Amino acid sequence: MDGPTPSKQFKISDAPTNTEHSPVEDPPSTKSQPSSSSKLDPSEQESTLDILEQIDICQGELENLNEEASEEIIRIEEKFNRLRQPHIDRRNEFIKKIPNFWVCTFVNHPQLAPRLSEEDEECLHYLRQLIVHNYDDLKTGYSITFHFTKNPFFENETISKEFSLTEDGEPTSKSSKIRWKPGMDITKKMRSKGKVSVPCASFFGWFSDHLDAGNDEIADVLRDDLWSNPLQYYLIPDVDDSLDKSRLMDSLMCSDDESNSINRRVEEPGPRPITGKKDINNDSAIGESHPSSQSNDKSPEDDSVNKSSVEDCKDTVQNDAS
């Protein structure tokens with residue numbers, strides 16, 4: 001510290017000026033503690049250096065094995081990418097037959113949905129296919145390509161973003177130039193924020209963002225999550241078509257045993273279970289007619305009878321105990 005604290009300054013000023021007999025404390029020792037190596041004699045130091053050298057050799061061998069493991073993992077991944085491709089091609093052909101499949105997966109995805117504006121969602125309705133292509137050598141990179149039908153936003157049929165490594169091994173990216181139609185560039189839309197206008201955030205701005213290609217969150221989500229299993233995000237029920245998607249999910253997930261149990265439930269008489277959904281045109285629940293949805297409120301008389309019965313039981317227990 002540069003000087004005593006205010007409280008200490010006050011005490012010093014009040015102290016008597018005659019310090020002839022006051023003891024003077026020695027300042028605390030500032031000598032550094034000797035290192036562990038200084039405690040060793042020359043023979044012990046030489047032995048320690050030999051051990052450290054052996055540890056360094058072991059560490060180098062481990063790093064060599066880690067590099068070999070990385071190379072082997074890449075070769076295995078490349079092999080299975082080739083085996084996956086026929087199944088991916090078949091999946092793509094089936095997906096093309098479902099209208100608005102990809103826009104539903106984007107809207108239902110928890111990490112992609114917050115990045116979509118209303119204009120983005122409208123534009124993605126024209127997305128008919130999404131392709132993630134891993135290069136033959138995985139170390140060289142991959143590409144993400146969006147295939148669009150004819151739309152009022154841009155002239156492109158495909159928009160892609162490629163990720164690769166430079167000669168120095170640094171990650172880099174490049175994208176197709178989007179040829180926006182006049183007045184339809186949604187990346188330049190403005191919105192009012194107080195008294196100023198600021199650009200609207202758009203998902204399509206991702207195609208021109210190349211600042212951090214090695215840490216591209218959207219690319220990671222598209223490649224490792226959405227592309228690997230888009231069906232799970234399409235099957236998330238929406239408000240409008242939850243019933244249709246629920247039936248589709250049941251037909252995909254139901255096993256033979258579950259199917260038999262469903263048949264037995266259909267044969268048994270009785271009311272249908274409550275789904276808890278509400279009619280859009282009516283605030284009342286759909287399942288109000290179900291017996292279990294009837295009011296279970298008790299009258300005050302019933303409450304008084306129950307309370308008296310409980311008190312009688314307590315008196316009986318106390319009498320038995322006495």
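The count of cavities of 30 Å³ or more comes to one in this predicted model, where a cavity is a set of points, on a 1 Å grid over the protein atoms alone, at which a 1.4 Å probe fits but cannot get out. Local features in this predicted model need pLDDT of at least 70 and side-chain atom pairs count only at pLDDT 80 or more, while totals for chains, interfaces and linings use all residues. Residues are numbered from 1 along each chain as its sequence is written, and side-chain values use heavy atoms, with hydrogens and water left out.

The largest cavity has a volume of about 40 Å³, a volume being the space filled by probe spheres set on the grid points, which are joined across faces, edges and corners. Its lining, meaning residues with an atom within 4 Å of a point, consists of Ser117, Glu119, Ile186, Lys189, Cys200, Ala201 and Ser202. By class this lining has three nonpolar, two polar and two charged residues, with Ala, Val, Leu, Ile, Met, Phe, Trp, Tyr, Cys and Pro taken as nonpolar, Asp, Glu, Lys and Arg as charged, and the others, Gly among them, as polar.

Pockets are treated separately, as open sets of points with protein on both sides within 12 Å along at least five of seven lines. The second largest pocket has a volume of about 490 Å³, and of the 19 residues that line this pocket, Glu77, Asn81, Arg84, Ile88 and Asn134 are the closest to its centre. Two or more lining residues come from each of α2 (42-95), β1 (127-134) and α5 (217-226), and α2 gives the most, with nine residues. The lining of the second largest pocket has five nonpolar, six polar and eight charged residues.

For residues 55-82, UniProt lists "coiled-coil region" in an unreviewed entry, and such annotations may be inferred rather than shown by experiment. In the model this stretch is 100% helix and 0% strand, with its end C-alpha atoms 41 Å apart.

The protein as a whole has nine helices and six strands, which are DSSP runs (H or I, at least four residues, for helices; E, at least two, for strands) numbered from the N terminus. Buried residues, those under 20% relative accessible area with a 1.4 Å probe and protein chains only, make up 21% of the 322 residues. Helix α3 (residues 101-108) is mostly covered, with seven of its eight residues buried, namely Phe101, Trp102, Val103, Cys104, Thr105, Phe106 and Asn108.

Conventions
Buried means under 20% relative accessible area, exposed over 50%, partly exposed in between (1.4 Å probe, protein chains only).
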